[in-house]
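Hi there,

Here is the structure I promised to pass on. Have a look at it first, and my notes follow below.

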Amino acid sequence: MLDLALRGGTVVDGTGGARQVADVGILGGEIVALGRVPRAARELDVHGRIVAPGFIDPHSHSDWTLHANRDFDSTIRQGVTTEIVGNCGITNAPVSPDSAPDVQARLASYGHDGGVAWNSFGEYLADVRADGTSANLAFLVGHSTIREAAGVRSQDSVDEDQLRRMVALVEEALEAGAIGMSSGLEYSHGSFAATDELIAMAQPVGAARGIYASHIRNRDSRILTSVDEFLTIVRRSGAAGEISHLNVRHDTNAPERAWELAVEAMERAAADGTDVRADTTPFEQGVGMMTGILPSWLLSGGNVAAAEALADREVRRRLRSDC
């Protein structure tokens, strides 16, 4: 006997084929029958409803909130059953004494009142598995988080010892189960990282046949050079590449046809054999952290100094043209 039968729903199976009214039979957590299926231990009448595979969200930040909301209510109830998390360079692991206070503060800001019970990426994934989640998750490890864990201040360039440590942290995360590395090059740590640093850290990702997903440096006046940098990192590391939310901000200094030109550059790279893709968002105005629009000259001294500088009327006047 089947465990579950869904009766009379409209099946949209994701293959591109025509929808059809059919029963769906489930046994042992797997779909084993479609059409007219036998009786089941549990029967559900789903006439008038769509029966479809779960949606995959390729760019999610649900890892920031999972310790406070393991049920993933806001996405699972919309049919999203798999999420790629760890995007834009900011993840909850690895953690070192240098970075633990920042990780703890970020988790607390999203409702987690417990401590940080892990250091390595493997220990972090074990903590996630221990209490489970309602969604299926695939994890990227964040470049900015690795920089923090290695004790690199955001505005610093890295020395050889720090780079070796950072590469080792990428390798540990991949060995633990990360599917690749993400970067957030418009934000603090990422904005100060040199291209060669990113290539070196992405090379273990390429060796593991993983993904380098990047919130690129700029999506308006410098979008085309930012896409070129992304393609350079992908080619020289051998990783598969994913541009996160490939949008062009409205009413900025973006060149004419900026989005089309960026897509054409990606298509040329793909035609040459480079494994590159992009995701995008449906928002007219975009979404992100407001600090992402602040220039490096304001952020170079850290967040507290930046906040103090913003009290200066002349600084605010300069920002009107420099953001």
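**The largest pocket**

By class, the lining of the largest pocket has twelve nonpolar, twelve polar and five charged residues (Ala, Val, Leu, Ile, Met, Phe, Trp, Tyr, Cys and Pro count as nonpolar, Asp, Glu, Lys and Arg as charged, and the others, Gly among them, as polar). Please keep in mind that this is a predicted model, where local features need pLDDT of at least 70, side-chain atom pairs count only at pLDDT 80 or more, and totals for chains, interfaces and linings use all residues. Residues are numbered from 1 along each chain as its sequence is written, and side-chain values use heavy atoms, with hydrogens and water left out.

A pocket here is an open set of points on a 1 Å grid over the protein atoms alone, where a 1.4 Å probe fits, with protein on both sides within 12 Å along at least five of seven lines; lining residues have an atom within 4 Å of a point. Of the 29 lining residues, Asp102, Glu148, Ser188, His189 and Asn303 lie nearest the centre of the largest pocket. Helices α2 (100-109), α4 (143-149), α6 (188-191) and α11 (303-309) each supply at least two residues of this lining (helices are DSSP runs of H or I, at least four residues, numbered from the N terminus).

**A helix pair**

Helix α3 (residues 121-131) packs against helix α5 (residues 160-176) at an angle of about 35°, with their axes 8 Å apart (axes are lines fitted to C-alpha atoms over the stretch in contact, and angles run from 0 to 180 degrees between N-to-C directions). Phe121, Gly122 and Leu125 of α3 meet Glu172, Ala173 and Ala176 of α5, contact meaning heavy atoms within 4.5 Å. The residues of this α3 and α5 contact divide into four nonpolar, one polar and one charged.

Enjoy exploring!
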